[in-house]
Structure formats: structure tokens, C-alpha cells
Amino acid sequence: MSALPQPNPTSSSSQRARRQISDRTILHLFIWPTLILLILINIFPLFYSLYLSFTNYSVISNKPPEWVGFANFIRMLNSEEMWSYFALTGRYALLSVGLQTGIGFGLALLLREKFKASGFLTTLILIPMMLSPVVVGLFWKLIFNPAYGIFNYLIGFTNPAVAPDWLAQPDLALFAIVIVDVWMWTPFVMLLCLSGLSAIPDYLYEAAAIDRASSWFQFWRITLPQVAPLLLIAVLFRTIEAFKAFDVVMGLTGGGPGTATNTVAIEIYRQAFLGQFRTGRASALAYIVLIIIIAVSNLYIRQINRAREG
Amino acid sequence: MTHVALHNIVKRFKQVTALNDVSFLIADGEFFVLLGPTGAGKTTTLRIIAGLEKQDAGSVSFDGEPVDGLMPADRDVAFVFQQYSLYPTMSVYDNLAFPLRSPLRKLPEADIRRRVEQVAELLRIHHLLDRKTARLSGGEMQRVTIGRALVRQPRLFLMDEPLSNLDAKLREALRVELQHLQKSRTSTTLFVTHDQIEALTLADRIGVLDQGRLIQVGTPTDIYDRPVTTFVAQLVGTPRINLLPAVRDDGTLHVKDSSLKLPVPAQAALPAEFLLGVRPEDVRPGSGGEFTGRLALTEPLGAETILHIRSGEQTLLSIVPGIAPFRLGDEICFTIQRDRLHFFDQAGVRLPS
């Protein structure tokens, strides 16, 4: 290999062609399209909606936004209805994230042992998470259908006349949505747990076996602490998602029956795009949700860091 | 403590035979070192004794009783892994106390504290007891790992290259500590290493493994002075032994492609062609030496110097104390210590001499 720049005739012409665009130009060509898109669809709406949340404004009213200060926020926070939606969302998040974590971790523990077709099985389990939420919502609607859906049949109700109507009964609708969310997102938790589990070295378990540690100890002192950081990240992601739950809920119940599955995200949508198009109020509500999510996330992240330090 | 016996152990991993009919005995209180290059089957042997791996044939017995059916926990051995196998999220104290807290033992907490502190004192990690293991340096971690083996009084210590992840200085210090510990406690120990210096300094006896076969078992002196094959001869000793192709011509021995000639020792029955082994320390430069050669290279190591002496087409290594006053290209006279020659046949097996 002759290492240093012996200009050879074949490459120098292409080199000259490349030189016409400087590195700096290339840099700008790559960065600005993305940046402009981000500013248009993320950054601008973020700040514009912050402004709108302090105004009385409706996109269909043909009137300019009118500054009202904290009135929207005060109205939202004083509304009992609103608190019930928050409570509902909280209940939904707790149930769905709790089940996803438990089942996901359990599945990961099972799939950690390699057996015949375990790779194939893992891929199968991951499929729900790759589907579009709207599609999931629509076909679960069919699955839950009391007349011909397979769900009731599977859990033992063979007579449609007495079978529960999951999406139409107020006491069941929330659980129906939890079931779908768990079905769809448990694989995600499992995947993260699985990668955490595979990073635990075998010799820790071997050392524990020689030290006469019980399998209970091995789980509490080796497996759990080593997986904890990734498990908490999975919980963090799922909690944030649960607070924003919209697409699957919209597809399944649209927030009904009544307000039985009216999560905060659905309420924001209702305020903004149904009836009177209360853009200002919807923005204020969206900001309240954002603040809650940031607060909860911070609590989690603190826990994750603590788990990492051991 | 315990004496250990391995009988005709065979272990296969799919197509590869990792251990091929390995048998040896470790006496009560002995420091036995398994020496061999990477992939020789040393760690596999250790894992089979600990019960972490199941042999395909043969049996392991402690004090004459077979332990093949016992789980690792029931064999009562202590294992020091090559990696620092410390429990994360537990303090150094808890790591050390852990083997004693096993429900099978039920020691009172005061006893545990006494023993942990004793071991911590011994390994000079007393100041670390309250620390989390994630915040330790490599040397400290390995000492805690060794400490976790020492707090118990196991029947047998198994150590899998415990010093190989440490830097040279620390390795030396811990080697001395280990030797001292073992001698003062007279605990039966099986120590695995690929480092011949560790083997020679620590061992009461050494077993040399190569490709799953046990080639030689003996004291360090046996291994060094009477290696049974050229493989063993080359494995121990730095710099390496000089192996020179030679022919016998009546009473004289000629090294091929050089002017070296030696009388054949009276009692040796040598074939026509063979390999002559000469340890570098037995090649002694000095005025009045019977052979001459040209100095091709010197490696001054401070306390000693390695000389590469060309004689014809052959190069002999010689090691001399201190910094040698020779210059490259010098004509050098040297003698060869006649009573310390090694003879091997063409296949590398030692010939009686």
C-alpha cells in the first residue's frame, strides 16, 4: 500500500467534481430540510398552541384570538368533569402499564431460555406491536362484537344473548381497551426485558449456584437489579403513551359509551374538533397533560438513574 | 480438607473433544496448577469438578466418594471465576457474607461478621466493606471475589485464571498473597493458568494440558528439568528452550547446519536423528568457551540479558545476569552445560539420557 497522496489520474477527476460542493454545503443540504419540517410541524405548533391556550379562540369562529390569561386553565382545573377524565386516564394507565410490565417480563423470562423455534415464537409475539393502532382498533371491534366476535367465545360465552357487550357496557369498556392495549404493547416491554436479560452474564448465576443461593435470591439479587434499568425505561415509555392514549380508544369506542372511556386525549380532541371547536381550551388542556407527563417522567427517570447506580 | 481424584474424564462439545481421558489426583492440602495454552481444556476440567458442567464419561471423587450426582451447591467447593463475579447492587460486606448466609448454614450474624472482617483484613479490603461493588477497581473486585471464596471453609478451592485480568504489578502482588494464604491455611487448591510463571511459583505440582490431554504431571522441578515432550519444554521457561535438530555420528553429536559438536552422553541411547534441547541458562558465554558464534541480537532486561547467538544456520538463546558487555556482531565464545541437555525424538517425545 502506498499510503500518502500520490495523486493518481483516475481518481483526481472525480475528486475535483466532488470538491465543487463543499462539506459545509452538504451539511446544510442535509440539516435544513429536516429542520424546516420540524419547525413547521412541531416547534411552531408547540409555541402557537401555548399562546392559544391563553386566549379565547375557535378556529371556526372567524374571530381573532382574544387574550384571557389563565382563564382556560382555571376553568379546566375547576371542572369536576375534567378531573374525572384524568382519574379515568390514570386508572387506565395504571392497569394497562401494570399488566404489560408483569406479562412482558414474564414472557421475557420464558423466552430467555433458548428452545426449538424460540426465535420464531419471539417474532410472532412481536407482530401486534408492528400493526397500525387504527387497524388494531377496528379489528378488535370485530373481535369484541357480542354477536359474532370470537373474544366472548374464547372466554366461554357461547350464547350471544347473555354474553357481555364489551364495548357498549360502561363498566366493561375501559377493560376492553386495556385488554387491547396490553395485547398490542406487551411485546414491547418483553423485547426490552429480553435484551436486559441477555446482558446478564452466566457466571453470576454460576457463582450464585456454588454459593448455594436459592433461585429466589438469584431472581431478586441478580436478575431483577440487572434488568431494572431497561424495565423502568419500558414502563416510562408505556406510561407516557398511556397518558396520550387516543388512536386505539378512538378506533374502539370513540370515548363512549357516554364518557366511560373518555381519556384526556379524547377530551382534547372533543374540545378541539367537535361541537364548538374550542381551540383555546383544548390547547390549555393539552398543556396540562404535557406538564403532568413531564412531572411523571422525571420521577421515573430519577428511579432509573438510581437503579443504574445500583 | 479434601483430596480429589479425576478418573478418565471425557468431555465433548458437539464435534470437539474438550477433554480426552483425563485422570489425576490432588492430594489433601496440595496446591495443584493446571497449565496449558488457551483451549487446552483447563477451565472445562475446573467446571466439571465444580459441577457446572457434566462430563460425558469418567468420574470425579472427593475423599474417595464420587460426587458426580451432586449439584454445584452440594459439592461444597469455592470457585473464583476469571471475571469478577460479584453481585451488583450489594455492598462488599454483603458480597463477602453472602456464602455464609446460605440457608443451609445458618450461622449467627456475629460469626459472619467476624469471619468477613478476618478475610477483609487478610486481603486488605477492610476499608472497602461498605462500598458498592460497582465502585471498585479491577484489583479490588478480584480481591473481593477471592475473599468470597475464603470466608467459607470449602472442601476445595477452584480458581480459574483469577489473576489474568489484572495489571502486571497487581498480579505479582496477589500471586504472593495467594501463595502465602494457601500455605498458611493448607487448603486443597486447583488453580488454572496459562502463565508458566504463575504455575512454577505457586504450584506444589503442575499438570500440563494440551488439546484435552494431560501430558505431564509433576513438581515444578520435574516439569522444568525433565519435560516429557517438546511441547512441555517450550511451555515452561522464558526465554524458550533452544530446540536444535541434531544427528548422531558414533560418539559425537552434530547440530545440523552449524559447527556445534558434543560427545554423546554415555548412558544415552539416541537414534540417528533427534532434537537437542538446551535451556538458555545452560548456554554460557565466557572466554575459553569451546564454541564460538556471532552475536545477532541482545535483549537487555535489566536484571538479565538475552543473547541471540548465531552458529552456522542455527540461533541459540542465552541468558546472562546483568547487562552484558557485548556488542552486536561480536564473536562470542560459549560453553554448553553438558549434564543438563534434553533429547527428544523426531515426534517430540523425551528420550532417556
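In the predicted model, Ala161(A) is located in the loop that runs between helix 7 (150-154) and helix 8 (170-198) of chain A. With a relative accessibility of 68%, Ala161(A) counts as exposed, since the threshold for that class is over 50%. Between Ala161(A) and Gly104(A) there are 57 residues of sequence separation, and their C-alpha atoms are 35 Å apart in space.

Helix 9 of chain A presents a contrasting setting, represented here by two of its residues, Leu204(A) and Glu206(A). Leu204(A) has a relative accessibility of 3% and is therefore classed as buried, the limit for that class being under 20%. Once neighbours within four places in sequence are left aside, the contacts of Leu204(A) comprise Ile222(A) and Gln226(A) in chain A, together with Ser85(B), Leu86(B), Tyr87(B) and Pro88(B) in chain B. The C-alpha atoms of Leu204(A) and Gln218(A), which are 14 residues apart in sequence, lie 8.9 Å apart. Glu206(A) also falls in the buried class, because its relative accessible area is 16% and the class extends to values under 20%. When residues up to four places away in sequence are not counted, Glu206(A) touches Arg47(B), Leu52(B) and Phe81(B).

These contacts across the chains can be set against the interface as a whole. In total, 17 residues of chain A are in contact with 28 residues of chain B. The two chains bury about 2,000 Å² between them, and 62% of this area is on carbon and sulfur atoms. Of the area that chain B buries against chain A, 25% is supplied by Tyr87(B), Thr89(B) and Phe98(B), a contribution that is more than that of any other three residues. Tyr87(B) is also one of the residues in contact with Leu204(A).

Chain B contains nine helices and 20 strands, and its C-alpha trace spans about 75 × 45 × 35 Å along the principal axes. Of the 353 residues in chain B, 52% are buried. Among the contacts in chain B that join residues at least 6 apart in sequence, 66% are between residues at least 24 apart.

Within chain B, helix 5 (residues 138-150) consists of 13 residues and reaches 18 Å from its first C-alpha to its last, which is close to the 18 Å expected at 1.5 Å a residue. This helix is mostly covered, with twelve of its 13 residues buried; among them are the charged residues Glu140(B), Arg143(B) and Arg148(B), as well as Met141(B), Val144(B), Ile146(B) and Leu150(B).

Several backbone features of chain B occur in loops. Thr238(B) and Pro239(B) are joined by a cis peptide bond, for which omega is about -10°, and Pro239(B) is placed in the loop between helix 9 (230-235) and strand 11 (242-249) of chain B. Asp63(B), a residue other than glycine, has a positive phi near 50° and lies in the loop between strand 4 (57-62) and strand 5 (65-66) of chain B. Its relative accessible area is 33%, so Asp63(B) is partly exposed. Glu161(B), likewise not a glycine, has a positive phi of about 40°, and its place is in the loop between strand 7 and helix 6 of chain B. With 8% relative accessibility, Glu161(B) counts as buried.

The largest pocket holds about 600 Å³ of space. It is lined by 22 residues, of which Ser49(A), Ile268(A), Ala282(A), Ser283(A) and Ala286(A) are the closest to its centre. Two or more lining residues are given by each of helix 2 (23-52), helix 12 (264-273) and helix 13 (279-309) of chain A, and the largest share, eight residues, comes from helix 13 of chain A. By class, the lining has 18 nonpolar, three polar and one charged residues.

Methods
Residues numbered from 1 in each chain as written. Chains lettered and ligands numbered in written order. Predicted model: local features only at pLDDT ≥ 70, side-chain atom pairs only at ≥ 80, totals over all residues. Heavy atoms only, no water. Helix = DSSP H or I, 4+ residues; strand = E, 2+ residues; numbered from the N terminus. Expected span 1.5 Å × (residues − 1). Buried < 20%, exposed > 50% of the residue type's maximum accessible area, 1.4 Å probe, protein only. 1 Å grid on protein atoms, 1.4 Å probe; cavity = no way out; pocket = protein on both sides within 12 Å on 5 of 7 lines; lining within 4 Å. Points joined across faces, edges and corners; volume = space filled by probe spheres on them. Contact = heavy atoms within 4.5 Å. Buried area = accessible area lost by both parts, 1.4 Å probe.
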